Amino acid sequence: MNITNTMPSDSDRLGAAIVDLGNNFATQEDQIINMSTRLASAGTIAGLTEQEILALATSMSSVGIRAEAGGSAMATTLTQIEKIVQGVAENSGDKLETLGRIAGMSAEDFAKTWKEKPIDALQKFLLGLGDLEDQGESAVVALDDLGMTGVRQTNMLKALALSGGNLTKALDTSNTAWEENTALI
């Protein structure tokens, strides 16, 4: 809450989202909280809401990614994408084209989506990454082209990519639980 500047009046909504996610995914509330804490700084800087951070943490922990490894790997990924979109990464233009291609959009549309709704850009990137093998491409080569080469990072991204719509479901659950604010009751 301190990192994301969550209002104290929203603590019940935060709790409701955590409980509902824990009840509906292959993870537990403490894992969601640990992963969310590790994602909070990079997620907030990237423009993610509390609900989106919780959903991302849920998706990651439900595919067996541990907070210690996954938190830093996702923080690195969010930072790398931000640098690419801002044009400050080495070969940003080529990397932005690659991000857009994987996400099924133009480089300009990916950058615009990242700036307006970063979770949507990340979600499309992960779904597209999962489809690369079916298109005769290698996810490993694509990640290498983006400079995403760390073992923990590539393992995390491939796991999320192969989990299909897990992030989509987690986002829906988190947003609904936040709005309904009844899961703690």
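Modeller: A helix in this structure is a DSSP run of H or I with at least four residues, and the helices are numbered from the N terminus. The model is predicted.

Colleague: Why are α4 and α9 called roughly perpendicular to each other?

Modeller: The axes of α4 (residues 67–86) and α9 (residues 151–162) cross at roughly 85° and come within 9 Å. Angles of 65 to 115 degrees count as roughly perpendicular, and α4 and α9 are therefore described in that way.

Colleague: Which residues make the contact?

Modeller: Helix α4 contributes Glu68, Ala69, Gly70, Ala73, Met74, Thr76, Thr77 and Gln80, while α9 contributes Arg152, Gln153, Met156, Leu157 and Leu160. By class, this contact of α4 with α9 has six nonpolar, five polar and two charged residues.

Colleague: How many cavities of 30 Å³ or more does a search of the whole structure find?

Modeller: The search finds one. The largest cavity holds about 60 Å³ of space. This space counts as a cavity because a 1.4 Å probe fits there but cannot get out.

Colleague: What makes up the lining of the largest cavity?

Modeller: The lining consists of Gln123, Leu126, Leu127, Leu160, Ala161, Ser163, Gly164, Leu167 and Thr168.

Key
Residues numbered from 1 in each chain as written. Predicted model: local features only at pLDDT ≥ 70, side-chain atom pairs only at ≥ 80, totals over all residues. Heavy atoms only, no water. Axes fitted to C-alpha atoms, helices over the stretch in contact; angles between N-to-C directions. Helix = DSSP H or I, 4+ residues; strand = E, 2+ residues; numbered from the N terminus. Parallel < 35°, antiparallel > 145°, perpendicular 65-115°, else oblique. Contact = heavy atoms within 4.5 Å. Nonpolar A, V, L, I, M, F, W, Y, C, P; charged D, E, K, R; others polar. 1 Å grid on protein atoms, 1.4 Å probe; cavity = no way out; pocket = protein on both sides within 12 Å on 5 of 7 lines; lining within 4 Å. Points joined across faces, edges and corners; volume = space filled by probe spheres on them.
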